[in-house]
Structure formats: structure tokens, C-alpha cells
Amino acid sequence: MAVMDRVRTVAQGKPTNPGTKGAAGLGVFLALLATVVWSGSFVATRGMADTVPPVQAVFWRWIIATLAVAPFAARQAWQQRALIRKHLGFVSLATLFGVALYNTLVHQAGLTTSASNMGMIMAASPVIMALYARLGGERLGARRTFGLLLAAFGVLLLVGDGSLGFDLGAGDLWMFGAALSFASYSALLKRKPAELGGLAFLITTFVLGALMLAPAYAVSVAVQGGFEVTAGTAGPLLYVGVFSSAVAFFAWNKAISVIGAARAGVVYYLQPVCVAGLGLLLLGERTGPAQLLCMALILGGVALGSRR
């Protein structure tokens, strides 16, 4: 109940004290919420890879996300328009890494690799987050470092199908680029101006992301043509637009502000487990004994790394 009370506090825009045990629990809960929702987005992305061109999917994702958060965020964004102009350079950089570039790379990867591989490779981003945090002077501690390394070892085994030697395809390489972009975005969030409201920041990045993608979208439509709006295309787009964008990005951004990018990144290691489960249920992607063992290593690493 304490965590849910704090969730309601966050939703109402009230401040939390990051130094309290309850606030830390809230941060872990929000990071977990974002991770689970994003896991579903990899399945949705893979599911519409053959019907919606990547740039078009990402462009409409941010249009839908903007419409979803506008009733809650538009007023704050208008009130803070002077602050947004003042920090436009920072907001634009965060938009580039976290909204425009990251998601385009994910959708591009979905053309040639499985949802399970996408989730596994994205789990490399917490390592980069931890390196950024360490370079920024944050102490990780022996237990968190060991948990991070244990989870990273599990991810490497998972990608290598039980061994440390693995062959990466084009889609896998696109996903490593996405992991680097997402880690850079998460590191940038620690520098978000405190006076800039979370909802104002969120809707601004969504709008800027759509604007950044608009020229590429126009080229894609001219060269590839549009896509047919059916239940098979509209459903996944609504999921990635409303849940994976509006809900998950808000939860992740708040988690970073409460517990930091490195600790939230450890929770993010759960993503391969979630994606593998959803891939099996929805896409028929099989999970073998070696993958289950690797997932156990990841879960153990998360349990150690997410504790203080």
C-alpha cells in the first residue's frame, strides 16, 4: 500500500524524498513498470515489422503518445514554456537519443532479428548506464557491482545461446546501437533541470521527436508508400504509443530521478526475461533450458544490484 500511495503522489506531480526507503521502493517499482511495458513493445514491434515501415511506425508512435499525454501535460508545458525555451538545447539532445534515434533503431532491428534477441541485447544498456554513473562520480558499491556483472554475464550467455561465443546479424547490431542510445538518454536524465516539470519535459520530447522524424517520414511514404490501417497495425501502434511511450517513459524518467540511472538500469536487466516470456506466448519463440539458466543468473544479479 505504501508504494501505491507514492505512485498516486507521483501521478499528482507532488515531490518525493529520494533519500527515504519508501521513495527507493517507489523508484524500483516505477523502473520495473517501465521495463515490463517496454518488453511488450519489442513483441509489438516485431509483430508489425512486415507491415509498417520503421520510420513510419516511430513517427505515428510519437503522434499517438503526444495525444495520450496532452490532457495531463499540455497545461504544465504551456506554463513552463519559458523554461522549455531556456533549456531547449538539453531537451533536444535528450529527444534525439531517447525518442527519435533509440526507437527508430529498435524498429529497424525488428525487421531482421527476433523479439527475444532484441530484449537480450537491450539488456546491455545498464552496463553503459553504470559506466556513465561511475564517470559522473557515483559510487556503485561492491554488491551492486557484483549484481551488475552477474546479470551482464547472464545476458552474454543468453545472447550466445549458452556460450560466450555468438554471431551477430544486422538486426542485432542495430539493437546494440539502440542500447547505447537509450543508455545515453538515461544518463542525460540525471541532468534534467529540477525546475522543469516531468510532464512538461515528457510532452516536449514527444513533440520534438515527431518533428525530428517528419522529414524521414515524408521520404519513407514517398519511396515505400503508406501502410494499411488494420487491427494488426493499429493495435501495436496504440500499444507502443500509449503504454510504451506515454506510460513507460513517464515511469522511467521518474525512476531515474528517484534512484538514479545505474540502479534503475539493474532493474532493466529483467527485460530479457519478460521479452522471452511474451515472445513465447505471443510469437511462439521457444525458450530452452540454457536460456532458463541464463535468466536465473539475470534475476539473481537484479536481486543483488537493486538492493542498497
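Colleague: Where does A152 lie?

Modeller: A152 lies in helix α8, which covers residues 142-159. Helices here are DSSP runs of H or I with at least four residues, strands are runs of E with at least two, and both are numbered from the N terminus. This is a predicted model, where local features need pLDDT of at least 70, side-chain atom pairs count only at pLDDT 80 or more, and totals for chains, interfaces and linings use all residues. Residues are numbered from 1 along each chain as its sequence is written, and side-chain values use heavy atoms, leaving out hydrogens and water.

Colleague: Thanks! Is A152 buried or exposed?

Modeller: A152 counts as buried because its relative accessibility is 17%. Buried means under 20% relative accessible area, exposed means over 50%, and partly exposed is in between, using a 1.4 Å probe and protein chains only.

Colleague: And how many Å apart are A152 and G301 in space?

Modeller: They are 8.1 Å apart, C-alpha to C-alpha, although 149 residues separate A152 and G301 in sequence.

Colleague: Switching to Q80, where is that one?

Modeller: Q80 sits in the loop between α3 (54-79) and α4 (81-86). With a relative accessible area of 16%, Q80 is buried too.

Colleague: Which residues does Q80 touch?

Modeller: Leaving aside residues up to four places away in sequence, Q80 touches E195, L196, G197 and A200. Contact means heavy atoms within 4.5 Å.

Colleague: New topic: what lies at A214 in α10?

Modeller: There is a kink of about 45° at A214, shortly before the proline P215. The bend at a residue is the angle between axes fitted to the seven residues ending there and the seven starting there. Just after α10, G225 takes a positive phi of about 80°.

Colleague: What about the surface, which residues form the nonpolar patch?

Modeller: The patch is formed by F29, L33, F243 and V247. Helices α2 (21-47) and α11 (231-259) are the elements that give two or more residues to the patch. F243 lies in α11, and this residue counts as partly exposed because its relative accessibility is 42%.

Colleague: Nice. Zooming out, how many helices and strands are in the chain?

Modeller: The chain has 14 helices and zero strands. Buried residues make up 51% of its 308 residues.

Colleague: And which share of the contacts joins residues at least 24 apart?

Modeller: That share is 87%, counted among contacts between residues at least 6 apart in sequence.

Note on methods
Patch = residues over 30% accessible without salt bridge, like charges linked within 9 Å, V, L, I, M, F, W, Y side chains within 5 Å. Areas by Shrake-Rupley, 256 points an atom, 1.4 Å probe, with all protein chains shown as cover. Salt bridge = Lys/Arg side-chain N within 4 Å of Asp/Glu carboxyl O.
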